Amino acid sequence: MKHSILASAAALVALAAGAPAAHAGATFDAVKARGTLVCGVHTALYGFSAPDDKGVWRGLDVDMCRAVAAAVFGDATKVKYVPLSAQARLTALQSGEIDMLSRNTTWTLTRATANGLSFAPVNYYDGQGFMVAKKLGVSSAKQLNGATICVQTGTTTELNLADFFRATKMEMKPVTIEKYEEVTSAFFAGRCDAITSDASQLAAVRANDAPNADDYIILPEMISKEPLAPAVRQGDDQWRNLVTWSIYAMIEAEEKGITAANVEEMTKAADPNVKRFLGVTPGFGQALGVDEKWAYNIIKQVGNYGESFDRNVGMGSKLKLARGLNAQWLNGGLMYSPPFR
Ligand SMILES: N[C@@H](CCC(=O)N[C@@H](CS)C(=O)NCC(=O)O)C(=O)O
């Protein structure tokens, strides 16, 4: 009893003395000791996570892994990518096979509770849509009564599909397939009238996998909210903080106009906020348990959120997705970092 009173008194004194150094948890320690981040990604989703023709992983989700590696090691290349199917991804995180999941995964209540995931900030606000062949002559999801629909198991997609048809009192015949390549090939072979998935994914599949992209349209309805976010295992707050603030750093940098090209110049800026953000004035690195140049390294090596969005899924890519909900809050979107204070 006396012991615990003394211990809490000591803890209080330590707190009062100022910012205690971050307390490392098991994942954070393991990642640092290993010298590589093990990141779970999609097997091949163009724009989000796919190896390029030289075998280098690229995409908006891949950039989240690179950002965390830049923060921990000062080197965005220190990542081992583990490609995971929809089915395998949650267990891979739960079992400790990966340190972080960055793979078009929707943040839901069940995943954040029963499945033991702890979500980092959303890196792409999406919704579920339908794609059909133009020759079907359908222009709205409301015309899909009686349709056969290709869908993959183990996804929120499968669950929302059933809900949507029940709620709209329409009939449909799901063609439920476990492997995603088989879902898309079944659709392109004409085995289903429609394919359903996250709208960004439909855009990627159309741009990259369709025999002729112009033969297909994505219907305008979004039948769900799909906030896609990286996730870590529960139980290591320091690790979750590091992943969380690495993503916020990319969002904050865009808001402040800090880019890969000007970050060096920005270290000389007079603005005290920028000085703290880039570690010229120390403090945030110590609080997170990493080098003070962590945010500088992220922006220098990976770029800010807008740069990553543009080159991977936006106007600088084949997908040409509009910023929409993924614009900065100052431009009417939902991308908003809490203060770097
Ligand atoms: N965002 C949804 C869907 C993400 C997802 O995994 N989609 C499927 C297609 S609907 C996919 O990418 N499958 C690829 C695979 O399993 O390899 C979720 O988190 O459940």
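Me: How many salt bridges does the count come to here?

Reply: A salt bridge pairs a side-chain nitrogen of Lys or Arg with a carboxyl oxygen of Asp or Glu, the two lying within 4 Å. By this rule, the count comes to nine. Keep in mind that you're looking at a predicted model.

Me: Okay, let's take one. What do the side chains of D163 and R166 do?

Reply: They meet in a salt bridge, with N to O at 4.0 Å. Now find them on the structure: D163 and R166 both sit in helix α6, three residues apart, and that's about one turn of the helix.

Me: Is R166 buried or exposed?

Reply: The idea is to look at relative accessible area: under 20% is buried, over 50% is exposed, and anything in between is partly exposed. R166 has 62% relative accessibility, so it counts as exposed. D163 comes out at 45%, so that one is partly exposed.

Me: Which residue does R240 form a salt bridge with?

Reply: That's D237, and the closest N and O atoms are 3.7 Å apart. Both residues lie in helix α9, which covers residues 237-256, and again they are three residues apart, about one turn of the helix. R240 has 25% relative accessibility, so it counts as partly exposed.

Me: And what about K268, which partner does it have?

Reply: K268 forms a salt bridge with E265, where the closest N and O atoms are 3.7 Å apart. K268 is exposed because its relative accessibility is 59%. E265 is exposed too, with a relative accessible area of 53%. Salt bridges can also share partners: D63, R66 and R311 are joined into one network that way.

Me: Let's go to D99. Where is it found?

Reply: Look in the loop between α4 (89-94) and β5 (100-101).

Me: Is D99 buried or exposed?

Reply: Use the cut-off again: buried means under 20% relative accessible area. D99 has 3%, so it is buried. Its side chain makes a polar contact with the side chain of R34, at 2.8 Å.

Me: How do I read the atom pairs between ligand and protein?

Reply: Look for N and O atoms that sit within 3.5 Å of each other. A nitrogen atom of the ligand is 2.5 Å from an N or O atom in the side chain of Q152. A ligand nitrogen is also 2.7 Å from an N or O atom in the side chain of T106. For R89, an oxygen atom of the ligand lies 2.9 Å from a side-chain N or O atom.

Me: What share of the ligand's accessible area does the protein cover?

Reply: Picture the ligand on its own, with 500 Å² of accessible area; the protein covers 99% of that.

Me: One last thing, the surface. Which residues make the nonpolar patch?

Reply: W329, L330 and Y336 make it, and the patch is about 340 Å². To find Y336, go to the segment after α14 (305-312). With a relative accessible area of 48%, Y336 is partly exposed.

Conventions. Residues numbered from 1 in each chain as written. Predicted model: local features only at pLDDT ≥ 70, side-chain atom pairs only at ≥ 80, totals over all residues. Heavy atoms only, no water. Polar contact = N/O pair within 3.5 Å; in protein donor to acceptor, adjacent residues only side chain to side chain. Areas by Shrake-Rupley, 256 points an atom, 1.4 Å probe, with all protein chains shown as cover. Patch = residues over 30% accessible without salt bridge, like charges linked within 9 Å, V, L, I, M, F, W, Y side chains within 5 Å. Helix = DSSP H or I, 4+ residues; strand = E, 2+ residues; numbered from the N terminus. Buried < 20%, exposed > 50% of the residue type's maximum accessible area, 1.4 Å probe, protein only.
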